[in-house]
Amino acid sequence: MEIHCGECTVELKHEDLVIMNQAHTLTHSHCYKQHGSYIKDTGTYEHIKNKYWFYKKGVEQAKKRRKQK
Ligand SMILES: [Zn+2]
């Protein structure tokens, strides 16, 4: 499962410049419309994904939670 931009819902590519807000939502840097103070980190999607490894783990946990219900 890939992560999609929170604004335009297009799938994020490894080389795309993305912005992560404080809620850990990822958007393309050109799609970001919130206040600059909400930005937690920026970089390529690959960089963010490697740095914040919990994105992968979070998806797996979300799947487990859905199955339990
Ligand atoms: Zn976008």
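H24 is partly exposed, because 13 other C-beta atoms lie within 10 Å of its own; a residue counts as buried with 20 or more other C-beta atoms within 10 Å, as exposed with 12 or fewer, and as partly exposed in between, the C-beta atoms being placed from the backbone. This is a predicted model, in which local features need pLDDT of at least 70 and side-chain atom pairs count only at pLDDT 80 or more, while totals for chains, interfaces and linings use all residues. Residues are numbered from 1 along each chain as its sequence is written.

H24 is found in the loop between β1 and β2, where the two strands form a hairpin with four residues between them. Although H24 is not a glycine, its phi is positive, at about 65°. Most residues other than glycine have a negative phi.

## Overall layout

The protein chain has two helices and three strands, and along the sequence these follow the pattern β-β-β-α-α; helices (H or I, at least four residues) and strands (E, at least two) are DSSP runs numbered from the N terminus. Of the 69 residues of the protein chain, 17% count as buried.

Two residues are in contact if their C-beta atoms, placed from the backbone, lie within 7 Å. Among contacts in the protein chain between residues at least 6 apart in sequence, 28% join residues at least 24 apart.

## The three-stranded sheet

The strands form an open sheet in the order β2-β1-β3, with antiparallel pairing. β2 and β3 stand at the edges, each with a single partner strand, so one side of each is left without a neighbour in the sheet. Direction ignored, neighbouring strands of this sheet are turned by 25° against each other on average, where axes are lines fitted to C-alpha atoms (for helices over the stretch in contact) and angles run from 0 to 180 degrees between N-to-C directions.

β1 and β3 pair in the antiparallel sense over five bridges, and β1 also pairs in the antiparallel sense with β2 (residues 26-28), over three bridges; two strands pair if DSSP finds at least two bridges between them. Strands of a sheet pair through backbone hydrogen bonds, either parallel or antiparallel. For I19, the bridge partner in β2 is T27.

## The nonpolar core

The largest nonpolar core has nine residues, namely C5, L12, V18, I19, M20, L26, Y32, Y45 and I48; such a core is a set of buried Ala, Val, Leu, Ile, Met, Phe, Trp, Tyr and Cys residues joined through C-beta atoms within 7 Å. β1 (17-21) and α1 (45-51) each supply at least two residues of this core, and the largest share, three residues, comes from β1.

V18 belongs to this core, and its contacts, leaving aside neighbours within four places in sequence, are with L12, L26, T27, H28, S29, Y45 and I48.

## T42 and T44 in strand β3

T42 lies in strand β3 and is partly exposed, because 13 other C-beta atoms lie within 10 Å of its own. Leaving aside neighbours within four places in sequence, T42 is in contact with I19 and S29. The C-alpha atoms of T42 and L26, residues that are 16 apart along the chain, are separated by 9.3 Å.

T44 also has its place in strand β3, which covers residues 39-44, and T44 is partly exposed because 16 other C-beta atoms lie within 10 Å. Its contacts, with neighbours within four places in sequence left aside, are H14, E15, D16 and L17. T44 and H14 are 30 residues apart along the chain, and their C-alpha atoms are separated by 6.5 Å.

## T9 ahead of the sheet

T9 is located in the segment before β1. T9 is exposed, because 9 other C-beta atoms lie within 10 Å of its own. T9 has a positive phi of about 65° although it is not a glycine.
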